[in-house]
Amino acid sequence: MSARYDLAVLGAGTAGAALAAFAAQAGLSVLLLERRRASDAGARWVNGVAAWQFRAAGLAPPTGRELRGAGHTFHLIAGWGPERVTVKGHDVLDVDMRFLVERLQRLATQAGATLIDSAHVEGVDGDAIATSRGTFRARYVVDASGLAGVGLLGRMRPAPGDLCVAAQEVRELTDPDAAHRYFESQQAAPGDTLCFSSMAGGYSIVNLRLDDEGVSLLAGSIPGAGRPGGRQLIDDFVAKQPWIGPRLFGGARAIPLGRPRRPLSRGRHAVLGDAANQVFAAHGSGIGPGLLAARVLADLLAGEPETLRAYTPTWYRSWGGMLLAADVFRRFSEGLELDDVRALMRSGVMNSDGVRATLEQRLPSVRGAMRGSVDYGVLRRRPRLILRAAQLAAQVPWSLLRARTAGE
């Protein structure tokens, strides 16, 4: 008879490894299973994560090789310009996910967790987890294996319009002087981020920044709406820029948008991270939300509840409102045409306060949107946009109320 663990976590990427580390540090016996090699688990590219999310999760923010940049000036540009909103002094860190996942796995094993990789889960029956590496038993089982993972509470089937296909690459510079001239032509310094938005629908970006290693490129869109995917957007951009050279590292994947799952648990089984749709849909990021959810779940498990029934209401009250409202913003932005984005920028409604909040994965406030000088004449000429903005303003409070009552 194999040993019975307090907790088995399926998936050793960011959310899963964080949960394993937090739970093991709290004294639970933890098994962390990964279908790939441990060194290949999770995201293998650079991701923007707000520093406050690390602090709220009780995790030291990245330093050294994990951290590729912090707080650099961000230019959100409508299409290829010229309208833009510039944000200075934000809270977002450029994190090399390869090294963050490595750190989280190391924290887990140092705290006593058992990490077994190349273990394909073949089925879960109660406390028994059948894998290609044998059968294991655990009091609690958490699926952190991502969108196409184990499907512990049933597989998600997102609608095509609820899948963002994103790609991120770091590439060499074949001509650093030409790269600097390009940024100067865009009224930006080489360390700034240029984010060209809405060139392939309202919910699309091509984002680039120069660093010590080369140029970091990020792109994403919703192909289900007939748009090119993130990798195609990068390839099209690179083909026009001879100063961008071969790829050093990176990757691509589909990111679930839409509302977080509800419920998040059934009996002694639960879901976490992308498997739970815990994604900040306004810009398609699940790294920070996964860390926050891992902390909530680890704290509940450390309290030894009879069941995981408290997970859904506790997580929703803590972070669910933010993600529900972010999905409302996502649906609003998805329906914007490029001229709508330009009008919002020209009017002053889309301003640095709102863009900073979205970057930092906080909720933009209506008061922030109206701060400063707003040219209402620009908006009066776009009645459809006014109507959609009014609907957005009404839906956000409803989303927050839904989160407060989830699980009751």
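The legends below describe close-up views of a predicted model. Local features are given where pLDDT is at least 70 and side-chain atom pairs where pLDDT is 80 or more, while totals for chains, interfaces and linings use all residues. Residues are numbered from 1 along each chain as its sequence is written, and side-chain values use heavy atoms, with hydrogens and water left out.

**View 1. An open sheet of 3 strands has the order S3-S7-S4.** Strands here are DSSP runs of E with at least two residues, helices are runs of H or I with at least four, and both are numbered from the N terminus. Two strands pair if DSSP finds at least two bridges between them, and the pairing in this sheet is antiparallel. Strands S3 (46–50) and S4 (67–70) are at the edges with a single partner strand each, so one side of each has no neighbour in the sheet. On average, neighbouring strands are turned by 25° against each other, direction ignored. S3 and S7 (residues 92–96) are joined by 5 bridges; Gly 48, for instance, has Asp 94 in S7 as its bridge partner. Helix H3 (residues 97–110) packs on the sheet and touches S3 and S7, and its direction makes about 80° with that of S7. Axes are lines fitted to C-alpha atoms, for helices over the stretch in contact, and angles between N-to-C directions run from 0 to 180 degrees.

**View 2. Helix H1 (residues 14–25) packs with H3 at an angle of about 25°.** Their axes are 8 Å apart. H1 is therefore roughly parallel to H3, a term for angles under 35 degrees. The crossing is left-handed, meaning that the near helix is turned anticlockwise from the far one by less than a right angle. Contact means heavy atoms within 4.5 Å. Among the residues that make the contact are Ala 17, Ala 21 and Ala 24 of H1, and Leu 100, Leu 104 and Leu 107 of H3.

**View 3. Helix H5 (residues 230–239) has the buried residues Gly 230, Leu 233, Ile 234, Phe 237 and Val 238.** Buried means under 20% relative accessible area, with a 1.4 Å probe and protein chains only. Seen down the axis of H5, these residues fall within an arc of 125°, so they line one face of the helix. The arc is that of the directions from the helix axis to the C-beta atoms. An α-helix has 3.6 residues a turn, so residues three or four places apart point the same way. The packing partners of the buried residues of H5 include strand S12 (163–173), H4 and strand S16 (244–256).

**View 4. Cys 195 lies in strand S13.** Cys 195 is buried, at 3% relative accessible area. Not counting residues up to four places away in sequence, Cys 195 touches Phe 74, His 75, Leu 76, Ile 77, Ile 205, Val 206 and Asn 207.

**View 5. Gln 186 sits in the loop between helix H4 (176–185) and strand S13 (193–197).** Gln 186 counts as buried because its relative accessible area is 14%. Beyond four places in sequence, Gln 186 touches Ile 77, Arg 84, Leu 194 and Phe 196.

**View 6. Ile 116 belongs to strand S8 (residues 114–116).** Ile 116 is buried, with a relative accessibility of 14%. Apart from neighbours within four places in sequence, Ile 116 is in contact with Leu 31, Leu 32, Leu 33, Glu 34, Arg 133 and Phe 136. The C-alpha atom of Ile 116 is 15 Å from that of Arg 4, 112 residues apart along the chain.

Conventions: Buried < 20%, exposed > 50% of the residue type's maximum accessible area, 1.4 Å probe, protein only. Parallel < 35°, antiparallel > 145°, perpendicular 65-115°, else oblique.
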